[in-house]
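Keep the structure open beside you as you read.

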Amino acid sequence: MAMPPLPVPEDAFSEGMPEREGMSVPEAFELFSALAPKGWRVELIEGEICVVPPANGEHEEIVSELSGQVRDHDKGVGRYTGIGLTLPGTVHTVRVIPDLVIAPKGSFDDQQEWHGPDAVLLVAEVTSSSTASRDRVQKIRAYARAGIPVYLMIDREADEAVVCSEPSGDDFGHKSIHKLGTVAPLPSPLGFALDTAQF
């Protein structure tokens, strides 16, 4: 028979921790970021703190294939995973870590943890069960508000590649949906046909 877990004193983890009562959302985000296990992503989207576990192998294979196709098309751009972006929000600043960021090489050549979106040419998200709803709704708004030229969403649950371009306000003026396994044209500034057969 398994023993029940031992009770943990209420203040067992409070030594050296900042006072949490009355903490603002940005302060709580910083706390969550500092305490998250390695490999976990902490994002702040429309006032909500989202803690995302490490991705599975299928997810990372798709990100790798996408990155490779971008490299094959244009060796002058950088392909970044794990880059934090600070975006304008309606109430709180948005902080996201996209699955893939495409920008000119050297765009993030500094010691900063978070970067503005000005150099970004494309952001890509590959959905998972824990992130799909945010990728489909809140992140579209966040990336459009930031003026990011292209948002590519590989929606594994819907078996689709969604290409969003022409950001305007809280949305993108143009969206095209392509069944995975077909070719999805990426508009300028990348301007090439993405083969999703490997996705």
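Two strands count as paired if DSSP finds at least two bridges between them. Helices (H or I, at least four residues) and strands (E, at least two) are DSSP runs, numbered from the N terminus. In strand 6, then, Ala103 is the bridge partner of Gly78.

A word on the model comes next. It is a predicted one, in which local features need pLDDT of at least 70 and side-chain atom pairs count only at pLDDT 80 or more, while totals for chains, interfaces and linings use all residues. Residues are numbered from 1 along each chain as its sequence is written, and side-chain values use heavy atoms, with hydrogens and water left out.

**The sheet**

Strand 3 and strand 6 run antiparallel and are joined by 4 bridges. They belong to an open sheet of 6 strands with mixed pairing, in the order 3-6-8-9-10-11. Its edges are strand 3 (77-80) and strand 11 (171-179), each of which pairs on one side only. From one strand to the next, the twist averages 15 degrees. Helix 4 lies across strand 8 (122-126), strand 9, strand 10 and strand 11, and runs at about 130 degrees to strand 11. For such angles, axes are lines fitted to C-alpha atoms, for helices over the stretch in contact (heavy atoms within 4.5 Å); the angles run from 0 to 180 degrees between N-to-C directions.

**The cores**

In soluble globular proteins, nonpolar side chains tend to be buried together. Here a nonpolar core means a set of buried Ala, Val, Leu, Ile, Met, Phe, Trp, Tyr and Cys residues joined through side-chain atoms within 4.5 Å. Buried is under 20% relative accessible area, exposed is over 50%, and partly exposed is in between (1.4 Å probe, protein chains only).

The largest nonpolar core has 24 residues, and those with the most contacts inside it include Leu85, Phe108, Val123 and Tyr143. Among the elements that each supply at least two of its residues are strand 4 (84-87), strand 5 (94-96) and helix 4 (138-145). Helix 4 gives the largest share, 4 residues. Leaving aside residues up to four places away in sequence, Val123 touches several others, among them Leu85, Pro98, Tyr143 and Ile148. A second, separate core of 23 residues includes Ile62, Leu121, Val150 and Phe199.

**Charged pairs**

How many salt bridges are there, counting a side-chain nitrogen of Lys or Arg within 4 Å of a carboxyl oxygen of Asp or Glu? The count comes to 13. Three of them are listed here.

| Pair | Closest N to O distance |
|---|---|
| Arg95 and Glu30 | 3.2 Å |

Glu30 is partly exposed at 43% relative accessibility, and Glu46 is partly exposed at 33%. Arg156, by contrast, is buried at 17%. A network of salt bridges also links Glu43, Glu125, Asp135 and Lys139.

**Cysteines**

How many disulfides (pairs of cysteine sulfur atoms within 2.5 Å) does a search of the whole structure find? It finds 0. Cys50 is buried, with a relative accessible area of 3%, and Cys164 is buried at 0%.

Conventions: A disulfide is a pair of cysteine sulfur atoms within 2.5 Å.
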